[in-house]
Amino acid sequence: MKFITAIILTALLAFISGLLSFSPWWGFAVTSLFVALLVHQKAGKAFLAGFLGLFLLWGGLAWWIDMKNNGVLSQKIASVLPLGGNSILLIVVTGVAGGLVAGFAAMSGSYLRSSAKD
Amino acid sequence: MRIVPFAVSAVVSAGLIFALNKQWGTIPPMGKFLSPQHGFWQNAEPAGQSFDAELNFPELKGKAEVYFDERLVPHVFAENDEDLYFIQGYLHAKFRLFQIDLQTKAAAGRASEIAGEKAVNYDKQQRRLGMVYAAENAMLEIEKDPTARKIFDAYTNGINAYIINLKESELPIEYKLLNFKPEKWSNLRSALLLKMMAKDLSSGTENDLANTNAKSIFLPEELKMLYPQVPDSLVPIIPKGTVFDAPGIIPVQPATADSLYFGKKDTVTANEIAKPDINNGSNNWVVAGSKTASGAPILCNDPHLELSLPSIWYEMQLQTPGSNAYGVSLPGAPFVIIGFNDSIAWGVTNAQRDVKDYYEIKFRDETKQEYWFNGKWEKTIQKPELIKVKGGKDVLDTVAYTLFGPVMFDESFSNDFSNKRNLAVRWVAHDPSNEGMTFYKLNRAANYDDYTEAIRTFQCPGQNFIFASKTGDIAIWQQGKFPARWNRQGLYIMPGEDSSYMWQGFIPQPENPHAKNPERGFLESANQRPVDSTYPYFIPGSYITPRAITIENKLAAMSGITPKDMMALHGNYFNTLAEDVRSTLVQYVNETVLNATEKKYLAIIKNWDLMASPDSKGQTVYQCWWDSLEVEIWKDDLARVSPQAPWPEEQTTMELLKKDSALQFIDNINTPQKETLYDAVTTALKKASADLATKEAEGKLEWTKFKNPTVYHLLKDALPAFARKGLNVGGNGNIVNAVTHSHGPSWRMIVHLTNQTEAYGVYPGGQSGNPGSRFYDDYIDKWVAGEYNKLWFMREGDKTDKNVKWVMKFGNSN
């Protein structure tokens with residue numbers, strides 16, 4: 001339950017951070033760390049929750065945008081970046097990039113709260 | 001807290017963010033770029049995007065509406081001129097921001113700020129050509145005219161209103177890829193854009209440096225033969241037989257010309273980089289009611305420019321209670337540039353006239369503070385030019401300005417360090433002028449008199465303004481500010497130590513070539529020499545002859561013309577030059593020494609229908625063979641000097657071979673034996689065949705596959721994914737449908753001046769500059785197929801018409 005809550009909370013706060021004009025693109029790293037502090041889990045689980053939160057958010061948003069755009073832009077960008085024009089791959093890369101940052105941030109949050117006993 | 005693991009993961013997180021937030025070489029900051037809420041995904045415009053909006057700006061005086069039709073063409077209805085041009089600026093920024101920002105930065109010699117080190121030489125050249133100096137001089141003129149001032153201010157405010165309110169996530173995708181931000185607009189930047197057009201169209205039309213080298217190796221009569229002023233096959237813009245007035249100014253050749261100018265045999269190693277494309281030409285023509293099915297005139301225009309995405313053109317309708325114009329605008333400048341209104345239609349082609357000369361300057365010493373002029377040392381004005389370089393050190397260049405103009409080439413800038421000559425450039429585009437107002441007036445012109453009044457002050461780049469009115473008049477003026485030259489003045493570098501070689505005046509404007517309502521019922525221009533040899537001035541230029549011949553022949557033979565016939569003429573693939581060349585090739589090829597492959601290509605030429613259609617193999621074989629023959633004939637002679645003498649026009653080569661098959665230049669001076677035309681033609685085929693066989697093996701013998709027509713993104717090879725390649729279209733630069741590899745008809749327009757105005761147009765691009773929009777390149781397929789959009793000339797009463805898809809409402813904040 002904690003795991004699912006962490007994922008949802010990570011994604012939700014990251015989304016809100018993305019809406020705030022003063023927040024940089026990496027604002028979600030701060031909120032992901034905060035979520036890991038709040039919903040305490042072991043480092044590995046915290047990483048996974050953070051990763052999945054952002055992977056789902058960024059991947060999901062990218063997929064939604066791409067669908068409405070009929071893939072017009074993603075095909076071009078997937079050629080600019082060397083992804084062979086593959087839109088799906090670009091969506092996955094997008095999700096993984098966000099996921100990695102959030103995962104490590106969440107892991108930091110987990111270590112910050114955990115005691116040596118854990 | 002577990003310090004060590006925390007520290008490690010925190011450092012990893014921070015490191016990741018840092019790495020994804022930083023630009024690595026040409027790789028943009030990937031975190032921001034990929035973020036769906038900040039980066040490129042935000043530029044993926046939903047297919048069902050609405051462009052409805054209500055916008056308030058304190059600069060606006062009244063209310064205004066913009067009605068977008070299904071092609072995203074805005075029809076702007078404003079209450080006054082200032083609001084009209086404010087909104088035009090706003091729309092140009094909204095749909096073409098990166099384009100206008102990039103183009104004007106490049107114009108000002110600031111490309112290195114975006115492209116880095118590799119653009120430094122380009123930037124130096126722009127600055128040494130005096131691009132900013134020219135734009136500043138234009139600004140002085142704009143400031144003097146209260147109407148112009150008001151309009152340019154309003155236009156600038158409109159662009160800035162968009163830029164100021166732009167969120168980072170809304171930045172055009174190119175900014176996200178290149179990681180920089182748009183710069184605020186100014187009137188000077190609009191002036192720079194117009195000067196960039198002047199450069200593209202009037203700075204590559206001279207060949208003074210290469211001509212100077214030609215003069216060092218060829219005799220005077222040879223120069224006249226290789227580079228004739230009036231081609232035998234010329235069909236001029238102004239119909240032959242037109243009687244010209246006696247000249248109002250008769251320039252006098254300086255007494256020293258034979259020794260200091262014509263007789264001088266020294267060479268120059270300075271070399272222009274990125275010289276404007278010689279194919280920057282165009283077609284326009286107009287047929288009178290006497291030749292049309294409806295009895296109303298039809299006006300056509302297709303300007304040939306480098307094709308790009310976004311397109312150089314942005315289509316729109318601009319309406320106030322006092323004016324109503326439709327056509328294409330140039331993002332970065334106000335007004336409709338080519339189009340029509342309720343009463344008239346107009347179009348432009350390039351005049352191709354030489355309006356730029358070089359003068360050799362003698363400096364007192366290397367500080368370039370003083371130069372010798374009219375018997376004493378005169379002071380130069382030193383203009384420091386600081387070039388900022390992305391990812392590199394700033395470069396400081398200093399340009400010395402003389403009475404003639406800026407010293408463009410000297411030992412510190414010439415693209416060749418062996419150059420020791422200081423060359424100042426005298427260019428009409430440097431003179432104060434306000435070309436914009438010509439278009440302001442044309443947008444509002446009601447008849448022939450208004451049209452002549454509008455174009456009268458247009459100076460540079462010289463244009464062939466073609467005209468038709470609903471009252472039935474047709475006309476053409478070659479308009480510009482053209483120096484009155486003595487015979488052969490300015491073909492070569494001129495002495496700059498006194499005033500005797502300076503331009504003595506300009507051809508009086510009323511004497512510019514023009515024609516109105518000729519009996520034959522049509523007028524055309526296609527970058528050919530405007531007049532025959534009876535025109536009383538010496539007018540060098542880079543003229544293109546063949547297209548005009550095709551158009552003239554076609555129009556002369558036509559009657560009962562409809563817009564559909566005009567579309568067919570826009571798309572015409574007939575190769576006029578090849579018709580003349582083929583007979584020479586076939587007559588002089590020595591078939592007995594050809595192998596099977598060569599014979600096959602010869603057979604293709606013999607059976608060719610002379611059409612440069614997309615699937616034509618004949619056009620490919622012809623082009624390779626002819627190019628190869630030109631090399632056989634000229635290369636050895638031209639390369640006697642370096643940089644080499646200019647290639648004679650292909651029209652000239654054809655005419656020379658027709659006149660004299662024993663032309664002395666056919667012989668290759670680098671071989672002991674004497675080559676004949678038979679040898680040259682046969683060798684040319686053999687060499688071309690080798691290339692052709694390779695191409696054929698790659699499946700590229702069809703003309704369209706051979707030339708691979710492409711519309712590049714403005715950033716060219718840096719962003720091939722944003723280009724459209726392999727377009728199935730034929731044509732060539734000397735063919736009416738003038739599509740080359742990446743150059744050609746940038747806008748095709750046909751206006752039938754019936755009561756209701758029936759108009760068609762298409763350009764190879766789309767209204768939106770956003771590669772993530774379905775409107776980015778949606779006209780390209782139509783353009784390739786030779787189809788047109790019907791242009792909707794919206795009326796006040798059409799505001800609830802089904803053609804209106806979106807409405808943008810503008811008001812002031814009060």
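Predicted model: local features only at pLDDT ≥ 70, side-chain atom pairs only at ≥ 80, totals over all residues.

**A sheet and a core**

In chain B, 4 strands make up an open sheet with mixed pairing, in the order E16-E17-E11-E20, where strands are DSSP runs of E with at least two residues, numbered from the N terminus, and two strands pair if DSSP finds at least two bridges between them. Its edge strands, each pairing on one side only, are E16 (407-409) and E20 (494-495) of chain B. E16(B) pairs with strand E17 (residues 422-427) of chain B in the antiparallel sense over 2 bridges, and B:Phe409 has B:Leu423 in E17(B) as its bridge partner.

Residues are numbered from 1 along each chain as its sequence is written, and chains are lettered from A and ligands numbered from 1 in the order in which they are written.

Now to the core: which residues touch the most other members of the largest nonpolar core? Among them are A:Leu54, B:Phe467 and B:Trp625, in a core of 270 residues, a nonpolar core being a set of buried Ala, Val, Leu, Ile, Met, Phe, Trp, Tyr and Cys residues joined through C-beta atoms within 7 Å; buried means that 20 or more other C-beta atoms, placed from the backbone, lie within 10 Å of a residue's own. Buried residues make up 52% of the 814 residues in chain B.

Notes
Buried ≥ 20, exposed ≤ 12 C-beta atoms within 10 Å, placed from the backbone.
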